[in-house]
Amino acid sequence: MDCAFEHLDAVGFLEIWQHFDADDNGYIEGKELDHFFRHMMTKLGPEDKVTEERVQRLKQRFMSAYDVTADGRLQIQELAVMILPQDENFLLVFRREAPLDNSVDFMKIWRKYDADSSGYISAVELKGFLKDLFQKHGKAVSSSKLDEYTDAMMKIFDKNKDGRLDLNDLSRILALEENFMLQFKMDASSQEDRKRDFDKIFNHYDVSNTGALEGPEVDGFVKDMMELVRPSITGPELDKLRAVLLGHCDVNKDGKIQRNELALCLGMKPNKA
């Protein structure tokens, strides 16, 4: 690690990164790489010691270590793990310790920390999430440090600057993987293929293996279905769509969607009893 980075913390790192990742895609590439490393060295050390040779040497070190696809770009979490001390590397906690590949797990987190059911995560609710996360991994974090982390994450992920996070913001924080539904094209398949795909879909969201979707399982299904036609939906929109789906599919009105009920909603032939 370059000595210039010794006093860099997560907040400072994120502020620098945000300045250069203008399109918010999680990468810095092209000529911005030179500007990025030069800016970091200038910010963290005496300006008269920032030479082109040092900038290029530092850039080459990181690119050779992490640009494994030789595409000329660096990813935020790859760079952070190299630069930040372990206790400051909080962005990676989510990706390293709790990767999410299922929207049901994502919605469980959303419902737990959207404590007032507003459809958004406030700064106070986000702080509660961070506190629980660090406790889960045995990390002691002071209240003032939690405030600092919360402020930094709100600054980075609250894109419309309204002081709260929506579903899309939290999915970025938690590095939720690609929408499970994108792999299916049921309208262009044979009946047999559609039946097979339906079973894969239902089993993916029925994480409790009860034969019915309920609670966050319904939430996750609705979220992924709607995001096939819209890039993102808000919490309040999801709640409305969830009510519509239950009203249409929950034939026996038990607050759940049975396998056969969902099959009927999707135009599938239900299984025989």
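Which charged end sits over the ring of Phe106? The charged end of Lys223 does, at 5.2 Å from the ring centre; a charge counts as over a ring if NZ of Lys or CZ of Arg is within 6 Å of the ring centre and within 35 degrees of the ring normal. Likewise, Arg164 lies over the face of Tyr120, 3.6 Å from the ring centre.

The model is predicted, with local features needing pLDDT of at least 70 and side-chain atom pairs pLDDT 80 or more, while totals for chains, interfaces and linings use all residues. Residues are numbered from 1 along each chain, and side-chain values use heavy atoms, without hydrogens or water.

Rings also meet one another. Rings of Phe, Tyr and Trp (its six-membered ring) pair if their centres lie within 6.5 Å, and planes under 30 degrees apart count as stacked, over 60 as edge-to-face and the rest as tilted. The count comes to 6 aromatic pairs. One of them joins Phe20 and Phe36 edge-to-face, with 5.7 Å between centres and 85° between planes. Phe20 lies in helix 1 and Phe36 in helix 2, so this pair ties together parts 16 residues apart in sequence; helices are DSSP runs of H or I, at least four residues, and strands of E, at least two, numbered from the N terminus. Both Phe20 and Phe36 are buried (buried means under 20% relative accessible area, exposed over 50%, partly exposed in between, with a 1.4 Å probe and protein chains only). Tyr113 and Phe129 have ring centres 5.2 Å apart and planes at 80°, so they too are edge-to-face.

In helix 12, Gly235, Leu238, Leu245, Leu246 and Cys249 are buried, whereas Lys240, Val244 and His248 on the other side are exposed.
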